[in-house]
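Work through the exercises below with the sequence and the model open. Each task is followed by a solution in steps.

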Amino acid sequence: MPLFKWLPEYSVNEAELDSSHKKLFDILNTAYENVMNSYEVDSALPVIIELSDYVKSHFLEEEQYMREKGFKEIEAHIAEHREFSDKIESLKTDCHGNNLDVTKELIVVLGGWLLHHVIKEDMKYSCCPKA
Ligand SMILES: [Fe+2]
Ligand SMILES: [Fe+2]
């Protein structure tokens, strides 16, 4: 059973962004499984790096979309993206420190944050009409 599951009600009414959200959840699940099934946190590092890279490109794609739509709360939204990016960077650092428990915990926290962000924050621009 995957830890994080994308559901149709999470749709932001934009196919490409929905598919990046699904992909983000998939990467998070893989990262968590890797960490759960290993004793060496280093084996989870490649997927955490993949998550970090994917998140960066998703945020850029989403910010561009919000700009095109003229979404009014874009600045606050971008600030949330920055905060999350910083958290992922610290996860990478903890991985390098080979702290398995901290890494597991951080993946769960990050996944919860991401789920909440998609459901609450991304949903706001999905309702915003095109400018
Ligand atoms: Fe998003
Ligand atoms: Fe977002």
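**Exercise 1. Find which residues of α1 and α4 meet, and describe how the two helices pack.**

Step 1. L17, H21, L24, F25, L28, A31, Y32, V35 and M36 in α1 meet L100, T103, K104, I107, V108, G111, L114, L115, V118, D122 and Y125 in α4. Contact here means heavy atoms within 4.5 Å, and helices are DSSP runs (H or I, at least four residues) numbered from the N terminus.

Step 2. Sorted by class, this contact has 15 nonpolar, three polar and two charged residues. Ala, Val, Leu, Ile, Met, Phe, Trp, Tyr, Cys and Pro count as nonpolar, Asp, Glu, Lys and Arg as charged, and the others, Gly among them, as polar.

Step 3. The axes of α1 (residues 15-36) and α4 (residues 100-127) come within 9 Å and cross at roughly 165°. Axes are lines fitted to C-alpha atoms, for helices over the stretch in contact, with angles from 0 to 180 degrees between N-to-C directions.

Step 4. α1 and α4 are therefore roughly antiparallel (over 145 degrees; under 35 would be roughly parallel).

The model is predicted: local features need pLDDT of at least 70 and side-chain atom pairs pLDDT 80 or more, while totals for chains, interfaces and linings use all residues. Residues are numbered from 1 along each chain as written, chains are lettered from A and ligands numbered from 1 in the order written, and side-chain values use heavy atoms, without hydrogens and water.

**Exercise 2. Decide whether α2 and α4 are roughly parallel or antiparallel.**

Step 1. The axes of α2 and α4 come within 13 Å and cross at roughly 15°.

Step 2. α2 and α4 are therefore roughly parallel to each other.

**Exercise 3. Check the span of α2.**

Step 1. Helix α2 (residues 45-69) has 25 residues, so at 1.5 Å a residue it should span 36 Å; the expected span is 1.5 Å times one less than the number of residues.

Step 2. The end C-alpha atoms of α2 are 36 Å apart, which agrees.

Step 3. After α2 comes G70, with a positive phi near 70°.

**Exercise 4. Which residues are the protein donors of the iron ion (ligand 2)?**

Step 1. The donors are E62 (OE), H77 (NE2), H81 (NE2), H117 (NE2) and D122 (OD), 1.9 to 2.3 Å from the ion. Donors are N, O and S atoms within 2.8 Å of the metal (3.2 Å for Na, K and Ca); water is not among the atoms, so sites may look incomplete.

Step 2. Their spacing in sequence is E-x14-H-x3-H-x35-H-x4-D.

Step 3. E62 coordinates both this ion and the iron ion (ligand 1), and the two ions are 3.5 Å apart.

How values were computed. Angles under 35 degrees count as roughly parallel, over 145 as roughly antiparallel, 65 to 115 as roughly perpendicular and the rest as oblique.
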